[in-house]
Amino acid sequence: MKKLLCLGILVMSFALAACSSNDKNLSETDRGHNASYKSNRIQKEPTEDSISEIRIKLSFNKEEVLVRMYDNPASRDFLAQLPLTVTFEDYVGKEKISILQKKLSADNVQSENQPKKGDFAYFSPWGNLAIFYKGLEDATSDLIILGRIESGKENFENIHSDFTVTIEKVD
């Protein structure tokens with residue numbers, strides 16, 4: 001029995017070693033592709049360079065909020081769905097969220113973003129939009145910042161019930 005157990009452990013060890021990726025066995029080209037693949041899956045903190053000229057308007061309760069969109073794949077996918085009418089609700093006293101009917105193409109994207117007050121974001125596991133009206137202490141690697149509120153973020157803080165929002169591009 002001990003011999004059979006040892007043989008099983010040995011076979012599993014060889015199988016794991018064969019399946020693992022070892023960079024020293026990769027060519028320079030393979031290492032470049034591997035690094036490129038990893039970097040394409042991580043969204044860095046948005047910079048001024050990644051902000052676009054595109055703005056959207058969120059209209060609700062006779063109020064308007066303007067958001068300047070970032071230039072990233074998830075933002076472009078969101079813009080393609082506009083105009084939209086969605087219902088937002090409060091979540092943890094820091095953000096308003098709304099589940100999108102159609103998820104954005106954010107498969108396997110991880111973010112290093114720490115959400116800040118005024119961020120307009122997408123939480124990929126739930127497929128929801130998030131509007132941060134307060135900062136969030138806990139970072140998540142599944143949050144993709146779509147844009148930044150330019151005006152009207154104070155309009156979200158005093159809404160304590162669900163509300164309907166129309167979202168459209170601004171010319």
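Me: How much of the accessible surface of the protein chain belongs to carbon and sulfur atoms?
Reply: Keep in mind that this is a predicted model. The accessible surface comes to about 10700 Å², and 54% of that belongs to carbon and sulfur atoms.

Me: OK, and what share of the residues is buried?
Reply: Buried residues make up 37% of the 171 in the chain.

Me: How many helices and strands are there?
Reply: The chain has 3 helices and 10 strands. Going along the sequence, the pattern reads α-α-β-β-β-α-β-β-β-β-β-β-β.

Me: What about contacts between residues 24 or more positions apart, what percentage do they account for?
Reply: They account for 67% of the contacts with a separation of 6 or more.

Me: Let's go inside. How many residues are in the largest nonpolar core?
Reply: That core has 29 residues. Those with the most contacts inside it are I56, L58, F78, F120, L146, F156 and I167.

Me: Which residues does L58 contact, leaving aside neighbours within four places in sequence?
Reply: L58 is in contact with E63, E64, V65, V67, F120, I131, F156, V165, T166 and I167. F120, F156 and I167 are also among the residues with the most contacts inside the core.

Me: Which residues does the second core include?
Reply: The second core is separate and has 9 residues, including Y70, L136, L143 and I145.

Me: Switching to strand pairing: how many bridges join β2 to β10, and which way do they run?
Reply: 5 bridges join β2 to β10, and the two strands run antiparallel. I56 stands opposite K169 of β10.

Me: And how many bridges join β4 to β10?
Reply: 5 bridges join β4 to β10, and that pair runs antiparallel too. In β10, T164 is the bridge partner of T87.

Me: Where does W126 lie?
Reply: W126 is in the loop between β7 and β8.

Me: Why does W126 count as partly exposed?
Reply: W126 counts as partly exposed because its relative accessibility is 42%, and that class lies between under 20% for buried and over 50% for exposed.

Notes:
Residues are numbered from 1 along each chain as its sequence is written. This is a predicted model: local features need pLDDT of at least 70, side-chain atom pairs count only at pLDDT 80 or more; totals for chains, interfaces and linings use all residues. Side-chain values use heavy atoms; hydrogens and water are left out. A nonpolar core is a set of buried Ala, Val, Leu, Ile, Met, Phe, Trp, Tyr and Cys residues joined through side-chain atoms within 4.5 Å. Buried means under 20% relative accessible area, exposed over 50%, partly exposed in between (1.4 Å probe, protein chains only). Contact means heavy atoms within 4.5 Å. Helices (H or I, at least four residues) and strands (E, at least two) are DSSP runs, numbered from the N terminus. Accessible areas come from the Shrake-Rupley method with a 1.4 Å probe; for residues, only the protein chains shown count as cover. Two strands pair if DSSP finds at least two bridges between them.
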